[in-house]
Amino acid sequence: MRHLIVIALAALGTAMFLYSRTEWSPMHRWNRALGDMSLVLVAMAMALGPISRLSRGFVRILPYRRELGIYAVLLALIHAGVILFGWVQLDLMRLIGFEYHPGLERYVMVQQGFALANLIGVLALLYGAVLAGTSNDFSLRWLGDKVWKFVQQGTYVLWWLSVAHTAYFLFIHFLDFHRSTPDANWFQWPFVALVGTVMVLQIAASLKTWRKARQRGTGTAATV
């Protein structure tokens, strides 16, 4: 049931992103719709932990983190496929910011930021694949509880890599002086709000956990 719910959510969200940009080329519409929805799913997974610590009533939905992470990675894989086949057309040099210069008869670097952002994206995708591949009961039994939890804590690394990758394409990539600057992507400020919300929830949950630990420590000291 959790898989079906998250699949429906992912499909609906992707469709909404897709049809919110009808003026774009098909490749870029699918590219951004898949990437943005993948980020939203990761954000939801990141938010469930802090929310459950702030309100115990949300503990029952905590298991959804597994499915949210799995389908976020699947969307990211399709997103990467759209870029490879549709944007850089399987030319891996273009993926890291190089273009072939006929006059020089060699590749030259033309987009340094594009290279760095895509390398961050590849790293996030590889990291996410490891997390998704171990998000199952078999891996938990095989790795053991401590090792499995250590691996899954890498979700924080995946989150910030995804944020850095997305932020570049939302705010920086299309500002090159020698090309016409397109209209701003409408997802810019919702993205900022999404990242800010996750940060606020994490800080609030950490403060609550810290206060409880302090209270327990004070109570123990008083008893002694």
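Trainee: Is leucine 90 buried or exposed?

Mentor: Start with the cut-offs. Buried means under 20% relative accessible area, exposed over 50%, and partly exposed in between, with a 1.4 Å probe and protein chains only. Leucine 90 has 53% relative accessibility, so it counts as exposed. This is a predicted model: local features need pLDDT of at least 70, side-chain atom pairs count only at pLDDT 80 or more, and totals for chains, interfaces and linings use all residues. Residues are numbered from 1 along each chain as its sequence is written, and side-chain values use heavy atoms, leaving out hydrogens and water.

Trainee: Where is leucine 90 placed?

Mentor: Elements are DSSP runs numbered from the N terminus: helices are H or I with at least four residues, strands are E with at least two. Leucine 90 sits in the loop between H3 and H4. Its phi is near 65°, a positive value in a residue other than glycine. Glutamine 89 is in the loop between H3 and helix H4 (92-95) too. Its phi is also positive, about 55°, and it is not a glycine. Glutamine 89 is exposed, at 57% relative accessible area.

Trainee: Which residues have the most contacts inside the largest nonpolar core?

Mentor: A nonpolar core is a set of buried Ala, Val, Leu, Ile, Met, Phe, Trp, Tyr and Cys residues joined through side-chain atoms within 4.5 Å. Here the largest one has 37 residues, and Leu41, Trp87, Trp159, Phe187 and Phe191 have the most contacts inside it. Elements giving two or more residues include helix H1 (2-19), helix H5 (112-133) and helix H8 (155-171). H2 gives the most, 12 residues.

Trainee: What does leucine 41 touch?

Mentor: Contact means heavy atoms within 4.5 Å. Setting aside residues up to four places away in sequence, leucine 41 touches Leu9, Ala10, Leu68, Tyr71, Ala72 and Leu75.

Trainee: Which residues form the nonpolar patch on the surface?

Mentor: Patches take residues with over 30% relative accessible area and no salt bridge; like charges are joined within 9 Å, nonpolar side chains (Val, Leu, Ile, Met, Phe, Trp, Tyr) within 5 Å. A salt bridge is a side-chain nitrogen of Lys or Arg within 4 Å of a carboxyl oxygen of Asp or Glu. Areas come from the Shrake-Rupley method with a 1.4 Å probe; for residues, only the protein chains shown count as cover. The patch is Trp160, Met199, Ile203, Leu207 and Trp210, with about 520 Å² of accessible area together. Helix H9 (residues 188-223) supplies the largest share, 4 residues. Leucine 207 lies in helix H9 and is partly exposed, at 43%.
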